[in-house]
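This report walks through a few local features of one protein chain. Sequence and structure come first, then the notes.

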Amino acid sequence: MNHTIKSLILLTTFMFCHYFMRDFWGESWSEVLLNLDQQTYLLHTLAKYLFIYGPLVLVAVLLFKQHPWYDVIGVNVSGSQHYLLAAVACCLPMTLGYAFLSTELDLSLPGIITGSVYAGLFEEIIFRAALFGVLFHFCRWGFIPAALISSVIFGLGHIYQGHDVMSVVMALTITTIAGTWFAWLYCECGYRIWFPMFMHIFMNAAYGIFGMSGGAAGDLEGNLFKATAIILSIIYVHILVRKGKIREIAFKTLWRNNGDVNSQPQSELTTQNSY
């Protein structure tokens with residue numbers, strides 16, 4: 001089966017999951033799970049993510065079963081502790097800035113888990129690994145077309161945060177850019193979700209805990225602090241490159257990825273020597 005056919009199967013499965021699996025969920029399941037988790041949405045949100053997007057992950061793994069399943073969906077744990085520490089360092093200035101700006105504090109553990117941990121974990125596996133990562137790394141798409149497809153869909157999932165036409169456009173634009181940035185981090189960190197996932201979780205958590213307003217588009221002061229996390233993450237990748245990591249995203253891979261998928265990523269070969 002060639003890469004074109006595999007790409008079509010993957011995209012068809014994603015569209016089916018994203019737009020139709022929700023219809024099979026059923027309200028009765030929601031009622032049972034919400035009663036079990038006492039309306040905290042801890043079980044409900046977890047089960048809904050698994051139900052809706054489980055088929056996509058399964059198809060991605062089966063399409064490339066010659067590769068370890070944990071590599072296909074980007075959850076190889078090698079180096080994850082280093083990425084955790086790097087994400088903490090990158091998000092610390094933003095968190096302190098939000099604490100300075102905030103007039104409220106929400107330390108609800110269920111809210112942090114459902115709004116930050118689940119969102120960061122599942123969105124990175126689904127959009128960055130199972131969709132973008134498979135298209136770019138395994139189906140040999142270029143970075144731009146693979147990132148645009150996954151990032152625009154990711155952005156469309158956040159337009160509910162807009163309250164008028166301008167805010168909807170801003171929310172779509174910013175989340176699409178954010179999705180592309182997460183995709184770049186995913187590639188440059190050994191085709192693993194850990195660094196973008198931890199960044200995603202910590203940024204969402206800081207946003208929710210300190211009650212920052214403005215939706216996905218944010219406000220000027222909040223966005224300035226958010227920019228520090230993005231800039232520091234770029235600096236982090238640059239440091240890895242300076243220490244020997246080969247860049248995965250270069251001019252030659254923007255429109256077509258002609259690398260050898262069967263070879264070990266350069267990120268993986270050098271990451272352990274880069275901290």
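## Basis and terms

Buried means under 20% relative accessible area, exposed means over 50%, and partly exposed lies in between, with a 1.4 Å probe and protein chains only as cover. The model is predicted: local features need pLDDT of at least 70, side-chain atom pairs count only at pLDDT 80 or more, and totals for chains, interfaces and linings use all residues. Residues are numbered from 1 along each chain as its sequence is written, and side-chain values use heavy atoms, with hydrogens and water left out.

Helices (H or I, at least four residues) and strands (E, at least two) are DSSP runs, numbered from the N terminus.

## S151 in helix α8

S151 sits in helix α8, residues 143-156. Its relative accessible area is 0%, so S151 is buried. Beyond its neighbours within four places in sequence, S151 is in contact (heavy atoms within 4.5 Å) with T175, T176, G179 and T180. S151 and T180 are 29 residues apart along the chain, and their C-alpha atoms are separated by 5.7 Å.

Two polar contacts involve the S151 side chain. A polar contact is a pair of N or O atoms within 3.5 Å; within protein, one must be able to donate a hydrogen and the other to accept it, and residues adjacent in sequence count only if both atoms are side-chain atoms. A polar atom of the S151 side chain lies 2.7 Å from the backbone oxygen of A147. A polar atom of that side chain also lies 2.9 Å from the backbone nitrogen of T180.

## Aromatic pairs

Rings of Phe, Tyr and Trp (its six-membered ring) pair if their centres lie within 6.5 Å; planes under 30 degrees apart count as stacked, over 60 as edge-to-face and the rest as tilted. The count comes to 23 aromatic pairs. F64 and F138 form a tilted one, 5.1 Å centre to centre with 40° between the planes. This pair links distant parts of the chain, 74 residues apart: F64 is in the loop between α4 (42-63) and α5 (69-72), F138 in helix α7 (residues 109-138). F64 is buried at 2% relative accessible area. F138 is buried too, at 4%.

Why is the pair of Y118 and F122 edge-to-face? The ring centres are 6.1 Å apart and the planes stand at 65°, so the pair of Y118 and F122 falls in that class. Y118 and F122 are 4 residues apart in helix α7, so about one helical turn separates them. Y118 counts as buried at 12%, and F122 at 11%. Elsewhere, F132, F136, F143, Y186 and Y191 form one aromatic cluster.

## Nonpolar surface patch

M15, F16, Y19, F20 and F24 form a nonpolar patch on the surface, with about 520 Å² of accessible area together. Nonpolar side chains (Val, Leu, Ile, Met, Phe, Trp, Tyr) are joined within 5 Å, using residues with over 30% relative accessible area and no salt bridge. A salt bridge is a side-chain nitrogen of Lys or Arg within 4 Å of a carboxyl oxygen of Asp or Glu.

Helix α1 (residues 3-19) gives the most to the patch, with 3 residues. F20 lies in the loop between α1 and α2 (21-25). At 46% relative accessibility, F20 is partly exposed.

## Positive phi

Q38 is not a glycine, yet has a positive phi of about 55°. Q38 lies in the loop between α3 (27-36) and α4. Is Q38 buried or exposed? Q38 is exposed, at 67% relative accessible area.

R140, also a residue other than glycine, has a positive phi near 70°. R140 is in the loop between α7 and α8. R140 counts as buried, at 7% relative accessibility.

Terms used:
Patches are made of residues with over 30% relative accessible area and no salt bridge: like charges are joined within 9 Å, nonpolar side chains (Val, Leu, Ile, Met, Phe, Trp, Tyr) within 5 Å. Accessible areas come from the Shrake-Rupley method with a 1.4 Å probe; for residues, only the protein chains shown count as cover.
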